[in-house]
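Work through the exercises below with the sequence and the coordinates at hand. Each task is followed by its solution.

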Amino acid sequence: MGRRPDQERIDSLTKARTQLVHERTPKSREWRERSLASLPLGVASSFQDAPPYPIFFERAKGSRVWDVDGNEYADYHNGFGVMAVGHAHPKIVEALSERAAIGTHFAQPVAETTLLAEELCRRFRIDQMRFTNSGTEATMDAIRLARGVTGRDKIVKIEGSYHGHHESVLVSIRPSRDKMGPRETPASVEFGSGTPKAVTELTLIVPYNDAEALDRLLAANAGEVAGMIMEPVMMNVGIIDPEPGYLEAVREICSRHGVILIFDEVKTGATIAYGGAEEVYGVAPDLKCFAKAVGGGTPLGGFGGRGELMAEIAKDGVPQLGTFNGNPLCARAGLVALTEVLTEGAYKELNRLNDAQLAGCQRVIDTYDLPCYTTGVGGKGAVMYAPERLRDYRAYAGFDGDGVDEHLSYLSWLYEMTEGVFMTPGIDEQWTLSVQHTDEDVARYVNAFETFAKEVTGS
Ligand SMILES: Cc1ncc(COP(=O)(O)O)c(C=O)c1O
């Protein structure tokens, strides 16, 4: 279980470490002030705004990044899990330079787009695929395809999961206790404003790790649900693992109700295993969505699956469009990333390092009796700041027990940050290792975590 450290101590350490961030990052603060005039919140995407203020980066190499004040960090954020190849990997730099020298965009087919499609189909066991420019577009197009194929309007989504910023999935991402409704019949809660109510209501909500709830929901909406979109392992609430048998049950239930099962592998795709979630969990959905790491650091996404579904993408069928789709620069980077950098052997090393990192953090948790646990898969991992293993969003948010301790989580981020490790800001994320991370990076992370543990427990 672990013991929760004293709140007064947490508060005073948070104050001291925040002060240290201020002292170390004055230029980030200046850039932040300046950016507020031209960009809402001073950032390009609202997710980049995090306390105490966004840190502006300048450059990176390998596993390390440097901010505009010249501070160097071991990068565990890795661009929200994109940089599994590590920064400025020589093979990616070469591929991009070569491509840039002979033309970066045509909106006409190029060989590398086909080669990358072939590689993705082979590696992720899908028949056909199409490209997009982001994870959002990948899930948006996969959902449209499911609706087009079935002629049904409703979709199902897991409570607390994130699948990008299009209307159909901006639903029940962080629903508050007063709006979320009972566990048996969760409400469809809009995320912020700007989404028509009618669209929000087409997205039905189920808790993760509860196959019976899904079965009940699909029975109650028989013949009306086009698809179910889910992350096979929840990755926008730290990490919440599927319980044994859950994914198999979801597969069977969707098939029985004629509902297209879509795995959102935007985060898991090229990070948790060579063949993604299907390799780890042995369950095959009908469609898979990709982005982030498959582009080798460029804005590339895509989705694909069974041939007879993908065949509906046709001029008079389901539209799938985009000026930049299959862009040569991104396709070249993705191709080299998948075939030359994120090779089968690379995952052995990612697993080894991740195991070492998880074991190091768990040792600290046990030694200092912290109310936390570790979990991870492939190159992804997290310290979960909760005393008991979490199984869904309600548990994570503390609506069913203790949930994640935001104060502890934020304080540990401040410690990592001020001890030379850049973890994703905010409490929702997990770390992503790259093929350029080393034991030295792991040691730096674990040492910073131990400093945090020692000071917060007063040991
Ligand atoms: C699981 C998942 N799906 C989709 C998306 C959206 O991807 P993008 O930000 O590239 O639009 C994200 C982004 O974090 C994600 O984590």
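A residue is buried if 20 or more other C-beta atoms lie within 10 Å of its own, exposed if 12 or fewer, and partly exposed in between, with C-beta atoms placed from the backbone. The model is predicted: local features need pLDDT of at least 70, side-chain atom pairs count only at pLDDT 80 or more, and totals for chains, interfaces and linings use all residues. Residues are numbered from 1 along each chain as its sequence is written.

**Exercise 1.** List the buried residues of α13 and find what they pack against.

Step 1. Helices (H or I, at least four residues) and strands (E, at least two) are DSSP runs, numbered from the N terminus. Helix α13 covers residues 344-368.

Step 2. Its buried residues are Y347, L350, L353, N354, Q357, L358, C361, V364, I365 and Y368.

Step 3. These pack against β11 (373-377), β12 (380-384) and α16 (439-457), where contact requires C-beta atoms, placed from the backbone, within 7 Å.

Step 4. Just after α13, D369 has a positive phi of about 55°.

**Exercise 2.** Is T195 buried, partly exposed or exposed?

Step 1. Locate T195: the loop between β5 (154-158) and α7 (197-200).

Step 2. T195 has 18 C-beta neighbours inside 10 Å, so T195 counts as partly exposed.

Step 3. Leaving out residues up to four places away in sequence, T195 touches E167, L170, E190 and T200.

Step 4. For R177, the separation from T195 is 18 residues in sequence and 20 Å in space, C-alpha to C-alpha.

How values were computed
The expected span of a helix is 1.5 Å times one less than its number of residues. Two residues are in contact if their C-beta atoms, placed from the backbone, lie within 7 Å.
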